[in-house]
Amino acid sequence: STDEAGMDTKRPAASALEDLTALERHQKFMADYEKYFGRSKGPARNDYDVLEEEHRFLWNDGDEAATWEQQLAKKYHDRLFKEYTLIDLSRYRERLVAMRWRTEAEVLQGKGQFVCGSLSCAERAGLASWEVDFNYVEHGTPRVALVKVRLCPACTVKLNATRPSPAQAPRSASKEHRHKHKHKSKSKSKHSHKHDRDRPASESDDGAEHKHEHKAARSDASGSARDDDRRASKVRGQALINDLLL
């Protein structure tokens, strides 16, 4: 009779659980556990939380999955398609991008190969393949990976905007240097003219005196030549008179 009474008390509880869904039964069990054994330490983790914590962009051949969390993350990584990447360009103005590999559903849809690889773009025309050095930080360690991505012309412009153009700085610097050199030459020329105007009077007088001496020398040479011509004319005239008298 005692066993029959115990069976009668368990039947209503079992029938009540049968009427609940799997989620409702789980919530009831968790509520009973917290009621009788106290609150659990920290929030419960699901598979997505584990993947987010243990995910790696690249798993090398020598990497070992020591824990079940790492095994789950590596198993998910092995199911991804790694020929082309998908890229998030929403923060390209800050020179920040995010990349990830494609899932099977995205490969079947052609996303990233026949459709632009940008997550926010669905362009199909004018796609081009690019090899990009993807610099990222994973678990506090800087890493670099060479990946391929296919983008439309508009998204290509956004991707190039994330890279500084080192050729602009030297051109600007050389242009500024030419401007400064030109300005310096003009200043030097003006300074020279000003120096000539402000030259002391003694220097000007010396130059004028040198020019006057040169002019006087040329005048003396011309006067002596004329005197020689006069004497020669007198000699010829006297010789002619003597010939007539004889």
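Reader: Let me begin with Arg95: what does its relative accessibility make it count as?

Author: Arg95 has 48% relative accessibility, so it counts as partly exposed. This is a predicted model, in which local features need pLDDT of at least 70 and side-chain atom pairs count only at pLDDT 80 or more, while totals for chains, interfaces and linings use all residues. Residues are numbered from 1 along each chain as its sequence is written, and side-chain values use heavy atoms, with hydrogens and water left out.

Reader: Where is Arg95 found, and what is its phi?

Author: Most residues other than glycine have a negative phi. Arg95 has a positive phi of about 60° although it is not a glycine. Arg95 is found in the loop between β1 (81-88) and β2; helices (H or I, at least four residues) and strands (E, at least two) are DSSP runs, numbered from the N terminus. His139 also has a positive phi, near 55°, and its place is the loop between β3 and β4. His139 counts as exposed because its relative accessibility is 54%.

Reader: How many helices and strands does the protein chain have?

Author: There are eight helices and four strands in the protein chain. Read from the N terminus on, the order is α-α-α-α-β-β-α-β-β-α-α-α. Of the 246 residues of the protein chain, 17% count as buried.

Reader: Which residues have the most contacts inside the largest nonpolar core?

Author: A nonpolar core is a set of buried Ala, Val, Leu, Ile, Met, Phe, Trp, Tyr and Cys residues joined through side-chain atoms within 4.5 Å. Here the largest one has 19 residues, and those with the most contacts inside it are Phe57, Ile87, Met99, Cys116, Val147, Leu151 and Cys155. At least two residues of this core come from each of β2, β3, β4 (141-151) and α6 (153-161). β4 gives the most to this core, with four residues.

Reader: Take Met99: which residues is it in contact with, leaving aside its neighbours within four places in sequence?

Author: Contact means heavy atoms within 4.5 Å. With those neighbours within four places left aside, Met99 is in contact with Phe57, Thr85, Leu86, Ile87, Val132, Phe134 and Val147.

Reader: What volume does the largest pocket have?

Author: On a 1 Å grid over the protein atoms alone, a pocket is an open set of points where a 1.4 Å probe fits, with protein on both sides within 12 Å along at least five of seven lines; lining residues have an atom within 4 Å of a point. Grid points are joined across faces, edges and corners, and a volume is the space filled by probe spheres set on the points. The largest pocket has a volume of about 470 Å³. It is lined by 16 residues, of which Leu51, Glu52, His55, Met99 and Arg100 are the closest to its centre. α3 (47-54), β2 (98-102) and β3 (128-138) each supply at least two lining residues, and β3 gives the most, with four.

Reader: And which residues line the second largest pocket?

Author: Among them are Arg95, Met99, Val132 and Phe134. This second largest pocket holds about 230 Å³ of space, and β3 supplies the largest share of its lining, four residues.

Reader: Is Lys111 buried or exposed?

Author: Lys111 counts as buried because its relative accessibility is 13%. Lys111 lies in the loop between α5 (104-109) and β3. Not counting residues up to four places away in sequence, Lys111 touches Leu86, Arg102, Glu106, Cys116, Ser118, Leu119 and Cys121.

Reader: How does Lys82 count by its relative accessible area?

Author: Lys82 is partly exposed, with a relative accessible area of 33%. Lys82 is found in strand β1. Lys82 and Arg102 are 20 residues apart in sequence, and their C-alpha atoms are 6.8 Å apart in space.

Key. Buried < 20%, exposed > 50% of the residue type's maximum accessible area, 1.4 Å probe, protein only.
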